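Subject: Structure handover

Hello,

Here is the structure I said I would pass on.

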Amino acid sequence: MTYEVVDRVAWLTIDRPDARNALSTEVRDGLWDGARRFVDDDSAAVLVLTGAGDKAFCAGGDLKEMAETSLEIPPPDFLPQFGRNIDVPKPTIAAVNGVAYAGGFLLAQQCDLVVAAEHARFAVSEVKVGRGSPWAAPLSWLVPPRIAMEILLTGDPLDATRAREVGLVNHVVPAAELRSSTQDLARRIAGNAPLSVAAGKRTAYLSAHCGLTEAYDRAEEIWAPVYRSEDAQEGPAAFRDKRSPVWKGK
């Protein structure tokens with residue numbers, strides 16, 4: 001795994017291209033370390049998760065290692081699942097540079113946004129190898145239920161264009177532009193008021209957890225501290241003074 005910060009954007013890269021960036025123990029440990037590092041890294045406002053090379057974002061679990069260890073039910077901490085077993089309040093983006101199958105699909109699914117290269121492919125392929133995908137529970141919130149059903153029951157891949165059509169992907173770009181396009185998207189997010197960005201992320205997920213009335217009530221609670229912040233006064237003042245705002249995150 002590699003971790004680097006460019007203009008407040010942290011790039012966490014699965015660096016195992018010879019094995020299609022499969023999720024060996026070493027890779028999984030690196031994902032945990034990278035996720036925790038990002039959460040604690042004040043210099044980074046957005047995380048981009050990607051894979052090395054141009055063939056695979058992540059092909060999923062290391063099946064050879066699974067066979068050797070006779071893995072049955074993966075433990076709760078098998079992988080960092082953003083918003084499930086690790087709280088990541090800052091935005092995350094998957095830059096999908098090839099196949100995102102099984103555990104790779106999981107990693108892309110758990111990111112807040114997805115930018116895909118034109119040759120990217122997505123699949124929950126567990127049904128083809130007799131494994132499980134309980135982590136796909138949120139899938140029918142991300143895409144229409146019948147699309148989720150087809151993805152889960154067939155294990156067949158979706159190409160990048162189809163993934164965008166059904167709402168799984170935000171942007172599809174030429175492979176040569178994947179990093180620059182993702183960096184540009186992340187930079188635009190990083191340039192916004194951090195308290196508002198964090199509250200916006202929490203608001204977007206409310207409908208996945210509660211009904212509309214409760215969602216409104218909880219959203220009011222989420223945004224109240226933002227309204228009362230120094231940044232909430234800085235934004236209008238900067239507009240009035242015709243200058244760029246200086247966010248303090250408080």
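Strand β5 is mostly covered, with 5 of its 5 residues buried. Please keep in mind that this is a predicted model. Both faces of β5 are covered: Thr92, Ala94 and Val96 are buried on one side, and Ile93 and Ala95 are buried on the other.

β5 has a parallel pairing with strand β3 (residues 46–51), made over 4 bridges. There, leucine 47 stands opposite threonine 92 of β5. β5 also pairs in the parallel sense with strand β7 (residues 113–117), again over 4 bridges. In that pairing, valine 96 has alanine 116 of β7 as its bridge partner.

Threonine 92 belongs to β5, which covers residues 92–96. Is threonine 92 buried or exposed? Its relative accessible area is 1%, and buried means under 20%, so threonine 92 is buried. Apart from neighbours within four places in sequence, threonine 92 is in contact with Phe38, Leu47, Phe82, Gln110, Cys111, Asp112 and Leu113.

**The nonpolar cores**

In soluble globular proteins, nonpolar side chains tend to be buried together. The largest nonpolar core in this model has 47 residues. Which residues have the most contacts inside it? They are Leu31, Phe57, Val96, Leu107 and Phe122. Helix α1 (residues 25–40) gives the most to this core, with 5 residues. There is also a second, separate core of 16 residues, which includes Val48, Ala95, Ala117 and Leu185.

Leaving out residues up to four places away in sequence, valine 96 touches Phe57, Ala108, Val114, Val115, Ala116, Ala117, Ala120, Phe122 and Leu178.

**Helix α1**

The buried residues of α1 are Val27, Arg28, Gly30, Leu31, Trp32, Gly34, Ala35 and Phe38. An α-helix has 3.6 residues a turn, so residues three or four places apart point the same way. The length of α1 can be checked with a simple sum: at 1.5 Å a residue, its 16 residues should span 22 Å, and the C-alpha atoms at its ends are 23 Å apart, which agrees.

Strands of a sheet pair through backbone hydrogen bonds, either parallel or antiparallel.

**Two residues with positive phi**

Alanine 102 is not a glycine, yet it has a positive phi of about 50 degrees. Alanine 102 is in the loop between β6 (99–101) and α3 (103–110). Its relative accessibility is 10%, so alanine 102 counts as buried.

Lysine 242 is not a glycine either, and its phi is positive at about 55 degrees. Lysine 242 lies in the segment after α10 (230–241). With 80% relative accessibility, where exposed means over 50%, lysine 242 counts as exposed.

**The loop at valine 166**

Valine 166 is placed in the loop between α6 (160–165) and β10 (171–173). Valine 166 counts as buried because its relative accessibility is 10%. Not counting residues up to four places away in sequence, valine 166 touches Leu142, Val143, Pro144, Ile147 and Leu158. From valine 166 to alanine 148 the distance is 9.6 Å, C-alpha to C-alpha, and the two are 18 residues apart in sequence.

**The largest pocket**

How much space lies in the largest pocket? The value is about 1100 Å³. The pocket is lined by 38 residues, and the closest to its centre are Phe82, Asp112, Trp141, Lys201 and Tyr205. The elements that give two or more residues to the lining are α3, β7, α4 (139–142), α8 (194–204) and α9 (212–227).

Regards

Methods. Residues numbered from 1 in each chain as written. Predicted model: local features only at pLDDT ≥ 70, side-chain atom pairs only at ≥ 80, totals over all residues. Heavy atoms only, no water. Buried < 20%, exposed > 50% of the residue type's maximum accessible area, 1.4 Å probe, protein only. Core = buried A, V, L, I, M, F, W, Y, C linked by side-chain atoms within 4.5 Å. Contact = heavy atoms within 4.5 Å. Expected span 1.5 Å × (residues − 1). Pairing = 2+ DSSP bridges. 1 Å grid on protein atoms, 1.4 Å probe; cavity = no way out; pocket = protein on both sides within 12 Å on 5 of 7 lines; lining within 4 Å. Points joined across faces, edges and corners; volume = space filled by probe spheres on them.
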